[in-house]
Amino acid sequence: MSELFATTGTIAAIATAVVPQQGSVGIVRVSGSQAMAIALSLFHAPGRQVWESHRILYGYIRHPQTQQLVDEALLLIMKAPRSYTREDVVEFHCHGGIMAVQQVLQLCLENGARLAQPGEFTLRAFLNGRLDLTQAEGIADLVGAKSPQAAQSALAGLQGKLAHPIRQLRANCLDILAEIEARIDFEEDLPPLDDKAIISEIDKIAVEITRLLATKDKGELLRTGLKVAIVGCPNVGKSSLLNAWSRSDRAIVTDLPGTTRDVVESQLVVGGIPVQVLDTAGIRETTDQVEKIGVERSRRAANAADLVLLTIDASAGWTEGDQEIYEQVQHRPLIIVINKIDLVEEEDRKNLQFKIENPKSKIVTAAAQNQGIDALETAILEIVQSGKVQAADMDLAINQRQAAALTQAKISLEQVQATITQQFPLDFWTIDLRGAIQALGEITGEEVTESVLERIFSRFCIGK
């Protein structure tokens, strides 16, 4: 049994980020049968404050032997089962920073608690029936959300909006299994099964599974974000585009080609989608060893990006250098950004020719003048919504683990249909049907192994 599953005893951990000279409050969370005893030992509440569940007490944390003052704090009491873990839980709300919370945690460990494993508070909530696995993963997603839409999707999972359809699908499979097994046990007393009706019911379940599977890419997009690389020849305005887009001076902007020698990153949110923007060095042949390294990193960034913004200089037109870069990135999702349009006379703009064999999405910008950014974001969202990256309904999105289980369930159901079509005995029908039931149960935790739980909860922070 791994340490993660040693869920006996009382656990303690710092539940807030510990940053020197930052953070006004630091919380030490304690859960387990000794939580109240530890609180009574360490916390002194002046006056006639009542020690009862769901009250906040004001007082002082002192060393139980020396009575040395450690911190002035608040104590939050949540007695079982009305707590996050369904155990007795106390929280010491201390002053922020490093020393106060670490000293309080150490006192808790010296007085009957042990340090919690990563995710152990949430694991206990799951094992005690407080949460199912989809809700637990929703909590992890909420903590790591990079945009309001990602947070909304995580909250949907936390509220059971994924668990409910999964449980319904599993219940439908169980109903079908019960019908089949009844015929096996009481064949003479019941009418024969309607094969077509069973196949039709399985079809309905498979359609719903397919609908849920379609949210996987959207889920990955919300959780990890979209990686966008700005590429192009030197001095076409890539850094100006990044600065205008991020409304900051992240990249150095000069009139000299080759100024950017490395990849510069910026984190943005576009239409609710987290976007990691990479401003790359200008791609060209060079004998400068430092610049050559930057150019190679630019090529790698373009190949690893989800979307490439090929930026060209409108005043220079489509050059051989632009064509060479285009040939390298044309296989990627691509937007042509025609920058520096402000340097082209109005009457000449209609005559701009850009010789691209397969026309891609094109937008016009004047990054130095902060013009065209809205059009750029609109073009990005159009590509996202075109199907290359799913991002339509943000309310529900499955993760990779859930997608793998749903895929296995769908495969098992297809095998059941094949078994029925080939007129195999009823016993054979039940084998793959049970496989589908087990796969669906793994999503919510009704059927789960220790290795699955360890993989899920080990990714949590220690205080959650």
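Residue A154 is placed in helix α5, which spans residues 148-158, where helices are DSSP runs of H or I with at least four residues, strands are DSSP runs of E with at least two, and both are numbered from the N terminus. The structure is a predicted model, in which local features need pLDDT of at least 70 and side-chain atom pairs count only at pLDDT 80 or more, whereas totals for chains, interfaces and linings use all residues. Residues are numbered from 1 along each chain as its sequence is written, and side-chain values use heavy atoms, with hydrogens and water left out.

With a relative accessibility of 3%, A154 counts as buried, a term that stands for under 20% relative accessible area, while exposed stands for over 50% and partly exposed for values in between (1.4 Å probe, protein chains only). When residues up to four places away in sequence are not counted, A154 touches G138, D141 and L142, contact being defined by heavy atoms within 4.5 Å. The C-alpha atom of A154 is separated by 8.1 Å from that of E137, a residue 17 places away along the chain.

Strand β12, formed by residues 334-339, is largely enclosed by the rest of the structure, because six of its six residues are buried. Both faces of the strand are covered, with L334, I336 and I338 buried on one side and I335, V337 and N339 buried on the other. Strand β11 (residues 307-313) runs parallel to β12 and is joined to it by six bridges, two strands being taken as paired if DSSP finds at least two bridges between them. Within this pairing, L310 has I336 of β12 as its bridge partner. Strand β13 (residues 361-364) also runs parallel to β12, to which it is joined by four bridges, and here I338 stands opposite V364.

In soluble globular proteins, nonpolar side chains tend to be buried together. The largest nonpolar core holds 28 residues, of which L406, L413, L433 and L440 touch the most other members; such a core is a set of buried Ala, Val, Leu, Ile, Met, Phe, Trp, Tyr and Cys residues joined through side-chain atoms within 4.5 Å. At least two residues of this core are supplied by each of the helices α6 (163-185), α7 (195-213), α14 (400-421) and α15 (426-444). Leaving aside neighbours within four places in sequence, L440 is in contact with I166, L169, R170, C173, L406 and A409. Another core, of 27 residues, lies apart from the largest one and includes V28, A39, V90 and V104.

Side chains of opposite charge can pair when their charged atoms come close. A search of the whole structure finds 14 salt bridges, each being a side-chain nitrogen of Lys or Arg within 4 Å of a carboxyl oxygen of Asp or Glu. One of these joins R29 and E91, with an N to O distance of 2.8 Å. This pair links distant parts of the chain, since R29 belongs to strand β2 (residues 25-31) and E91 to strand β6 (residues 89-95), 62 residues apart. R29 is buried, with a relative accessible area of 14%, and E91 likewise counts as buried, at 7%.

A further salt bridge is formed by D132 and R167, whose closest N and O atoms are 2.8 Å apart. Because D132 lies in the loop between α3 (120-127) and α4 (133-143) and R167 lies in helix α6, the pair ties together parts that are 35 residues apart in sequence. D132 is buried, with a relative accessible area of 5%, whereas R167 counts as partly exposed at 37%.

E201 and K204 also form a salt bridge, their closest N and O atoms lying 3.6 Å apart. These residues are three positions apart in helix α7 and are therefore separated by about one helical turn. E201 counts as partly exposed at 35% relative accessibility, and K204 as exposed at 53%.
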